[in-house]
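Trainee: Could you take me through one part of this model up close, namely the place where the two chains meet? I'd like the cut-offs along the way.

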Amino acid sequence: MTRSKDFDFVGLFLWVFRAVILILIVWGTYATIADNPYETRTWVDFIIFGLAQGSMYALIAIGYTLVYGVLFMINFAHGEFFMAGILTTTVVITTPLSESGFLNEQPILSLLIIAISSMAVSIFISVLTERIAYRPLRKAPRLVPLITAIGASYFWQNYFRGLFGSGIKPIPQIEILDGTIPLDFLGTTMLKSHVLVIVTTIVMLIALNFFIMKTKTGKAIRAVAEDKDVANLMGINVDQTISITFATGAAMAGIAGVLYSLVFRQVHFFMGFIPGIKAFTAAVLGGIGSLPGAAVGGLLLGMFESVGPSLFLRGLGIPAFNQLKDVIAFTMLVMVLIFRPQGIVGEVLSEKKA
Amino acid sequence: MNIKKTYRDAWNTGWTAGIVALSISALGLAELFAKRNIVSGVITMGQVMVFIVPIVMAYNFTKNLSMEQRKTGPLFGAVIGATTAIPLVLLIIASTLFNIRDIFVNVSPSLIELLTFGQENAYLGGLLLLVSMALLSYLSAYTHQLPEKIKRSLFTGLITILLVGMFSEILTERIRSIFGAIFGSSVGSAIVRFLFKSKAIQSIPAIVVFAIATYVGYRKIPKTEEEKNKSKRAFIVDGKVQWKTVIPLAVLLLILPLLLGTYLSEVTNNVGIYILMGLGLNIVVGFAGLLDLGYVAFFAIGAYTMAVLTSTGPLGLFGMSFWLALPICVIVAALAGVMLGIPVLRMRGDYLAIVTLGFGEIISRLAISDMLKPYVGGAQGILQIPKPSIGSLVFTKPEVLYYVVLAGVLLALFVSWRLRDSRLGRQWMAMREDEDVAEAMGINLMKTKILAFSIGAAFSGLAGAIFASKLTSIFPHSFNVLISINVLSLIIVGGIGSLPGVIVGAAVLIGLPELLREFAEYRLLMYGLLLIVMMLAKPEGFVPSEVHKRELHATDEDFVAEAGD
């Protein structure tokens, strides 16, 4: 498509923008490497932390990608489904489990109870949100459901704040997750909670893949994502399938919430918002609408965030560079959306989706 | 058969109402407002908040019934009321059985006391709650059988009492100072003591006020639709300025701070700053249809520019005067708008919203970080910003600062209004409706979009500049994404693209919570809910712009009729 000469001006601006960011990254990386401030072991630790963090982003990103695939809508409230998982974990783990001592007597069973209740709460509020705030507006202009989604996000945030209070809540340590395991071949150790995160994520992703690819319901979700009207003609209950899609995404977010609270062990109601936006970044990074993309995008984002400040920013001589972790994530968000909205895995969006 | 179905509907409605009432209780809203009396010693606002749910639900439910079913309407109302009470009764019983407060922090003894009317026995209290809810809902449903006129006058009376009671704290203060100024302070205090007690209206004056309001409501003849349209005041009709409406309004605006006093002037100033931001975002979202969630960035840029230019502290660079710095702030913000506008030129809809959100977050993180600390003060912010002054007159009191805000708002209103009807305004709206078509019509999308971003940003920069010098110190924490959401909510509630809507929206969403200060904590809960409810029920807002109203409510026939003209 040929546009007027204005196009060149904008193109030029964007090229300068891109070049500046690239130069900053290369320069920072070079300076850091030349300075060589850390041992290899530290870098490995960064990467492991990034992987754990990225796994959680991947789990949340699944929800964005599933919903986008089916409805072409950014479910802005998805971060709150994650937060619901976090707060449910807190409540279940402290009040009934930890106080009765059941938590450390039967840790595996406790974790299962926590996971199931968190998933249940996340699923419940996601289905409710879809039913009330999105379903009646399916035919409305695209900005309208986005606005209700923003509304739903703030509503749930403050609803949970009202229910459970606004303070930062500590989470008791589960004994079997305390401590580290040695990784001799890398010359470092790994926190047990990080192992749990990575293993759970892999299990969940495999289960999800099975659900979407091999079950009848999964087939229905794929059909609805392809074409709602035709799916309807084929006897698929579209409304129900969309609800199931939301529930699936919320279940993943709920699990991510459990993992997040077990790793960071300090939670509060505003915790869903920023990870939510970051997970959205991950979903776009991997190509929104694609499930493997969400997983890859999540891991990449997690790594960038954990390695990035020390690698790019330290070299630039920025004081307290770790404060700018979020800036790296958001810069990635902006860059990806501006320059490569189809994502790096590269599923090209059709006209309708873009 | 049919009746059975209606009962089932009533039962379902009752459960919905029950969940809402339970939420209001468990979120702590009821308890918080229990401290605010409506009628001294008789009703608190907390009780009103819980009981209003089944009452409104029952009223609406019976309103939608067919004529013949309405005869049994009150019974349905009673069913709704009783069902609403069930979750609350369960909550009461649960609170006696185990320590529910460990989980739900707001289920406190005083909440239970409120719900059980102070009864020691939870079961008796629960029963009392159930019966009273059923009874009130019965009455509320029964109002449909009253003559229209009586029904209306009753409502007028009830609403008046509610408003007087709710705002009695403010009223007390105002009556005391205004009557005090006229008749001497002892008379002012005496009047207040007669009317109000412990920040609520007394029972006897309440009955008097109710009687008067009811009578006024009874005598008032409702306007027909036509009269309503006629009485709608327009400032300009057929190109002529209507001095009859303009002059009283201008006088009112000029003397407003005298009537309002310090506290209310402060509230008005805050509302004014939000009106400024709202007008700016209205250009971006309302006129041009570009959803910008990082709008707070420009507010921050305006405020920081003002701070750096004028501060007398260590971070201030030039020690400029407010008036000299003001245009610079606006220009800097507008330039920032251009800088943001260019990269996002080719984005649409939801992606644009997320990118702007990202930009906003980046700017707020940078403002807090140590990296920019030598320039903008990091988390400690910038202090010692002087207030505006002319000669030796310093605008210290909110009553005086009001005029600065007023001037800004009037200027922004004028600019918005002229822009809306200009060529550029029409281009924006064309772009909002359909970018491709607009481009095909020869509209330069790039120029139009960038102008929308930069003018919107300029308004916000102006708001930020006034904000900084009003507070005399700024901190990065005051510029978070919630401000963008506040502004977005207020223009949506007022009506997207509507200028009076911005004012109404700001007054309701920013002014009201400041008057009901307990509310502050629940503000965002309400905003979230409002965004959803507005989009579902009234997407054009409460004061819709003409174009939007026509679009959203036009049927095909209207278009045919218009085309035929």
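Which residue forms a salt bridge with A:Asp326, and how many Å apart are the closest N and O atoms?

Mentor: That partner is B:Arg365, with the closest N and O atoms 2.2 Å apart. Keep in mind that this is a predicted model, where local features need pLDDT of at least 70, side-chain atom pairs count only at pLDDT 80 or more, and totals for chains, interfaces and linings use all residues. Residues are numbered from 1 along each chain as written, chains are lettered from A and ligands numbered from 1 in written order, and side-chain values use heavy atoms, leaving out hydrogens and water.

A salt bridge here is a side-chain nitrogen of Lys or Arg within 4 Å of a carboxyl oxygen of Asp or Glu. By that rule, one salt bridge crosses the interface of chain A and chain B. Two residue pairs, both at pLDDT 80 or more, are in polar contact across it (N or O atoms within 3.5 Å, one able to donate a hydrogen and the other to accept it, with sequence neighbours counted only if both atoms are side-chain atoms).

As for who supplies the surface, helices 1 (6-35), 3, 5 (107-134), 6 (143-164), 11 and 13 (325-339) of chain A each give at least two residues to the side touching chain B; helices are DSSP runs of H or I, at least four residues long, numbered from the N terminus. Helix 6 of chain A brings the largest share, 16 residues. By class, that side of chain A has 42 nonpolar, nine polar and five charged residues (Ala, Val, Leu, Ile, Met, Phe, Trp, Tyr, Cys and Pro are nonpolar; Asp, Glu, Lys and Arg are charged; the others, Gly among them, are polar).

Counting contact as heavy atoms within 4.5 Å, chain A puts in 56 residues and chain B 50 residues. The two chains bury about 5,000 Å² between them, 78% of it on carbon and sulfur atoms; that is accessible area (1.4 Å probe) lost on being put together, summed over both parts. In chain A, A:Ile147, A:Tyr154 and A:Leu163 lose the most area to chain B, together 12% of what that side buries.

Back to charges for a moment: the structure holds 13 salt bridges over all chains. One of them pairs A:Lys325 with A:Glu305, the closest N and O atoms being 4.0 Å apart. A:Lys325 sits in helix 13 of chain A and A:Glu305 in helix 12 (residues 291-313) of chain A, so the pair ties together parts 20 residues apart in sequence.
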